[in-house]
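Dear colleague,

Please find below the structure that I am handing over to you.

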Amino acid sequence: MTYKEQFETFIAERLPEYQALALDIHDHPEVSNYEFYSSDVLIDRLKKEGFTVEKDVAGHRTGFDARYQSGKAGPTIAFLAEYDALPGIGHACGHNLFGTTSILAASALKQIIDEIGGEIRVYGTPGEEGGENGSAKGSFVREGFFEDVDAAVCCHPGHRYSLTSPGLANDPVDIKFYGRASHAAAAPEKGINALDAVIQVYNSINALREHLPSDVRIHGIITDGGVAANVVPEFASARFYLRALKRNTLNEVYQKVENIVKGAALATGTTYEFGLFQNSVDDIVVTPAFDAVFLKHLRDLGTSEEEIATKKPDALGSSDVGNVSQVIPTIQPLVSISDDYIAGHSIEFKAAARSEKGLASIGIGAELLALTALDLILQPELLAQIKAQHQAAIQTEVLV
């Protein structure tokens, strides 16, 4: 029996259990730093598959690190697992499928890893959608979890099959101003208006947009504007996402926005706080040679060219997969869960994430990831080529 046939047999036997697991997670949506149920059921499954699992890692109480090491030398491949939901709407990004697919793929590869050599890891990374202690992959990178990993793989649910797309770097920032309360009519001269400072920031950012590169996106809300119309607001705050196609560009945008905040504080007499409210997210470094391995197996499965979106979309979103891609070769292609177009973060996407096609995508994605990882292990020259191309892309990005 070939390795591919072993994968197919294992996945076919296990798929109903993993589909039930995906539905269970879908029924228990949890946001960043609160994925207690989802992480526990995924950890239980990994333990049943023979992985050694450590939970509460990298500063994330719902994160985990699962490992299986063969007795033979070989590369270390990390499968990335996401399982957080969106506030209010639930699993409208399909992360109930994302985590189960990665674990099934890793478990399939584990069936032959003792024979071929190497190490398999599954990193449970909370809060990809952001939120409290969100974008955990940044923490995993910072804490050194990828220093001895050769490559990382995962796939995301989507409308059509597609290869890894660029993603915008994202700095999520909170802006807070502190003034002095006073009666707005009887003694306005005694007050220092923190809301004025926030409004100046908002208007100044609007003016700044005219002088920024076309790939930059800045969008935000006022989170606190005061408590009563007849009281000078002593506190006001806003939250913004600052995004750009490249990290170097975003660092410059961050500094410009901070200067705006400083200017507003000086103009209004307030004091301020400015900074990240969760991990920053880096842009996704695409390694075409790595995606080509996945694409070959996708075509070998009989996927028609009409089902595959070969043109990369404009990078309008962000993912902390980008943080991983900055340090090792990483892929995050899309696996189709709907025959018709569905927008991410929508009711339709949430429905597709538990549909028949959505649940079938777990087996398809798992086989594709397992086969891709297998090629990296069996073909050292291919892995070396991918690493070299990745390093060249990193160097190009540094020079931009």
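R247 pairs with D171, and their closest N and O atoms are 3.1 Å apart; a salt bridge here is a side-chain nitrogen of Lys or Arg within 4 Å of a carboxyl oxygen of Asp or Glu. This pair joins distant parts of the chain, since R247 belongs to helix α6 (residues 247-268) and D171 to strand β8 (residues 169-178), 76 residues apart. Helices (H or I, at least four residues) and strands (E, at least two) are DSSP runs, numbered from the N terminus. Both R247 and D171 are buried, where buried means under 20% relative accessible area, exposed over 50%, and partly exposed in between (1.4 Å probe, protein chains only).

Two remarks on the source are needed. The model is predicted, so local features need pLDDT of at least 70 and side-chain atom pairs count only at pLDDT 80 or more, while totals for chains, interfaces and linings use all residues. Residues are numbered from 1 along each chain as its sequence is written, and side-chain values use heavy atoms, with hydrogens and water left out.

Other salt bridges

The structure holds 20 salt bridges. In one of them, the side chains of D27 and R354 meet at 2.9 Å, N to O. D27 lies in helix α1 (residues 3-27) and R354 in the loop between α9 (347-352) and α10, so this pair ties together parts that are 327 residues apart in sequence. D27 is partly exposed, with a relative accessible area of 47%, and R354 is also partly exposed, at 33%. Another salt bridge joins R299 to E305, with the closest N and O atoms 3.0 Å apart. R299 counts as partly exposed at 39% relative accessibility, as does E305 at 41%.

Nonpolar cores

A nonpolar core is a set of buried Ala, Val, Leu, Ile, Met, Phe, Trp, Tyr and Cys residues joined through side-chain atoms within 4.5 Å. The largest has 66 residues, of which F64, F79, L109 and V122 touch the most other members. Helix α10 (residues 356-378) supplies the largest share of this core, 11 residues. A second, separate core of 27 residues includes V173, A194, V198 and A238.

The cavity

How many cavities of 30 Å³ or more does a search of the whole structure find? There is one. A cavity is a set of points, on a 1 Å grid over the protein atoms alone, where a 1.4 Å probe fits but cannot get out; lining residues have an atom within 4 Å of a point. The largest cavity holds about 60 Å³ of space. Its lining includes L97, F98, C155, H156, V335 and S361. The elements that give two or more residues to this lining are α3 (95-116), β6 (156-158) and α10.

Backbone

Most residues other than glycine have a negative phi. N33, however, has a positive phi near 75 degrees; this residue is found in the loop between α1 and α2 (36-48) and counts as buried at 8% relative accessibility. A58 likewise has a positive phi, near 55 degrees. A58 sits in the loop between β1 (52-57) and β2 (60-69) and is buried, at 16% relative accessibility.

Yours sincerely

Definitions and conventions:
On a 1 Å grid over the protein atoms alone, a cavity is a set of points where a 1.4 Å probe fits but cannot get out, and a pocket is an open set with protein on both sides within 12 Å along at least five of seven lines; lining residues have an atom within 4 Å of a point. Grid points are joined across faces, edges and corners, and a volume is the space filled by probe spheres set on the points.
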